[in-house]
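Hi,

Here is the structure I promised to pass on. Have a look at it first, and then read on for what turned up.

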Amino acid sequence: MTTATSSLKKGSFKFPVTESLLLLVAVFWGTSYGLTKSALVYTSVLLFISIRFSITFLCMLPVVIRDFRRGLNKDWKIAIPTGFILSAIFFCEVFGVSQTSASNAAFLISLTVILTAFAELIINKKRVSNMLLGLTVCSVVGVLLLTSEQGIEFSLNTGDYFILTAALLRALMVTLTKRFTEGKEITTSTLTSLQSLVVASCAIVGALVYLPASEFVLPTSTEFWITVAYLVLFCTLFAFYVQNYAVRRTSPTRVSLLMGSEPLFGAIFAMVWLQESLSLIQLAGGALILFSVVVTSTRET
């Protein structure tokens, strides 16, 4: 009986919780670019970031205070450097999205996956497996095909360079988070919250320096606040908590690969909800991304 039970346990399916959470982040992030564009109609980039991350920090503050009282955050200072990197990521992404197309942004940000593999090798001295590297290239090619609505073009404008910089910073973010948090005492809630505080602080300082006093006005549009509520809850609070949670339990490249599948979910949303159609090349690109995601989620890579 014991032997049979042991065999059953060995052969049982283990649900990939971490991978599933990362894919859910990709789903939410797939909707964030369009929503960010709509929110920027009502306010400036710096004020938008200030509002979004200030609310995020305030939402998590009670949990962070509890964690500090329990003595779980002796190494809280390690959150500060990654907070500054996250600040730079959002400045580049939001400025970039406001100046380039959604398809260009989706492809360029997907390069995070390849850049993370190199960052792991250089910063953490860890070589990515051949299988994971192959899936990474497969995913990036898939995104390129999926976002090629008008054919493949490689001309870049200012917004594209911002997004490309954000991709590099994302790679540094997940890699350095892994390095800084290994063996350290800090809860994922506190890490996420302090990163949000740094982003909000940088945006507020930037707004005070660069914006005239007349622009320091909170939008009154209901649409704006509904959009902000969605972005805060799903694309910031949930997304960055999961990213920090996952990167402490698996490799940064694996995390970037799964979260980098966001263009696939954006395309699925467009097909199902907006009744848009995809070309054969775009469908092939989506299939490549899906293949990469499935293999990464279900096999040790």
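Predicted model: local features only at pLDDT ≥ 70, side-chain atom pairs only at ≥ 80, totals over all residues.

**What was found**

H2 covers residues 17-39, which makes 23 residues. From its first C-alpha to its last, the helix reaches 32 Å, close to the 33 Å expected at 1.5 Å a residue. You will also find a kink of about 35 degrees in H2, with its centre on Ser32.

Next, have a look at Asn157. This residue sits in the loop that lies between helix H7 (130-146) and helix H8 (158-181). Is Asn157 buried or partly exposed? Its relative accessible area is 32%, so Asn157 counts as partly exposed.

Which residues does Asn157 touch, leaving aside those up to four places away in sequence? They are Gln99 and Thr100. Gln99 is 58 residues apart from Asn157 along the chain, and 8.1 Å separates their C-alpha atoms. The side chain of Asn157 also reaches the backbone nitrogen of Asp160, at 2.9 Å.

Last, the cysteines. The structure holds 0 disulfides. Cys92 has a relative accessibility of 11%, and because buried means under 20%, Cys92 counts as buried. Cys202 is partly exposed, with a relative accessible area of 22%.

Enjoy exploring it!

Best wishes

Key: Residues numbered from 1 in each chain as written. Heavy atoms only, no water. Helix = DSSP H or I, 4+ residues; strand = E, 2+ residues; numbered from the N terminus. Expected span 1.5 Å × (residues − 1). Bend = angle between axes of the 7 residues up to and from the residue. Disulfide = S-S within 2.5 Å. Buried < 20%, exposed > 50% of the residue type's maximum accessible area, 1.4 Å probe, protein only. Contact = heavy atoms within 4.5 Å. Polar contact = N/O pair within 3.5 Å; in protein donor to acceptor, adjacent residues only side chain to side chain.
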